[in-house]
Amino acid sequence: MADTYGNWPFQIAIPDDEETCVKATSFCSRKQLSLRVRGASVVHEGRWWAVFCFTYHGDAEALRSTFEGRWVHAHLWRPEN
């Protein structure tokens with residue numbers, strides 16, 4: 001998990017359905033964004049969201065704005081020490 005926060009600190013959640021995730025992954029590939037797919041999903045407000053991680057803020061923002069995603073705050077993922 002430390003790698004995710006260190007190298008891919010910018011995380012975006014988009015609606016977790018197969019079509020949207022395939023389109024989002026293809027978008028990131030075409031744009032050569034710094035994507036690392038963790039395969040993680042979360043439930044927020046009764047809806048499933050897929051989490052995409054990025055090295056660069058601008059790359060994360062590109063996905064967020066294109067797919068109406070939401071920022072995921074990494075500190076919420078970290079286990080308690």
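The buried residues of helix α2 are Thr 20, Cys 21, Ala 24, Phe 27 and Cys 28, where buried means under 20% relative accessible area, exposed over 50%, and partly exposed in between, with a 1.4 Å probe and protein chains only. Seen down the axis of α2, these buried residues fall within an arc of 125 degrees, so they line one face of the helix; the arc is that of the directions from the helix axis to the C-beta atoms. An α-helix has 3.6 residues a turn, so residues three or four places apart point the same way. On the other side of α2, Glu 18, Glu 19, Val 22, Ser 29 and Arg 30 are exposed.

Before I continue, a word on the source. This is a predicted model, in which local features need pLDDT of at least 70 and side-chain atom pairs count only at pLDDT 80 or more, while totals for chains, interfaces and linings use all residues. Residues are numbered from 1 along each chain as its sequence is written, and side-chain values use heavy atoms, with hydrogens and water left out. Helices (H or I, at least four residues) and strands (E, at least two) are DSSP runs, numbered from the N terminus.

To return to the helix: α2 has 14 residues, which at 1.5 Å a residue should span 20 Å, and its end C-alpha atoms are 20 Å apart, which agrees. The expected span is 1.5 Å times one less than the number of residues.

Against what do the buried residues of α2 pack? They pack against β1, β2 (35-44), β3 and α3, contact meaning heavy atoms within 4.5 Å.

Of its 13 residues, Ile 14, Phe 52, Phe 54 and Leu 63 touch the most other members. At least two residues come from each of β1 (10-15), α2 (18-31), β3 (47-54) and α3 (57-67), and α2 gives the most, with four. Leaving aside neighbours within four places in sequence, Phe 52 is in contact with residues including Phe 10, Ile 14, Cys 21, Ala 24, Val 37 and Leu 63.

Finally, the loops. Gln 32, in the loop between α2 and β2, has a positive phi near 55 degrees and is exposed, with a relative accessible area of 71%. Glu 45, in the loop between β2 and β3, has a positive phi of about 55 degrees although it is not a glycine; Glu 45 is exposed, at 63%.

Terms used: Core = buried A, V, L, I, M, F, W, Y, C linked by side-chain atoms within 4.5 Å.
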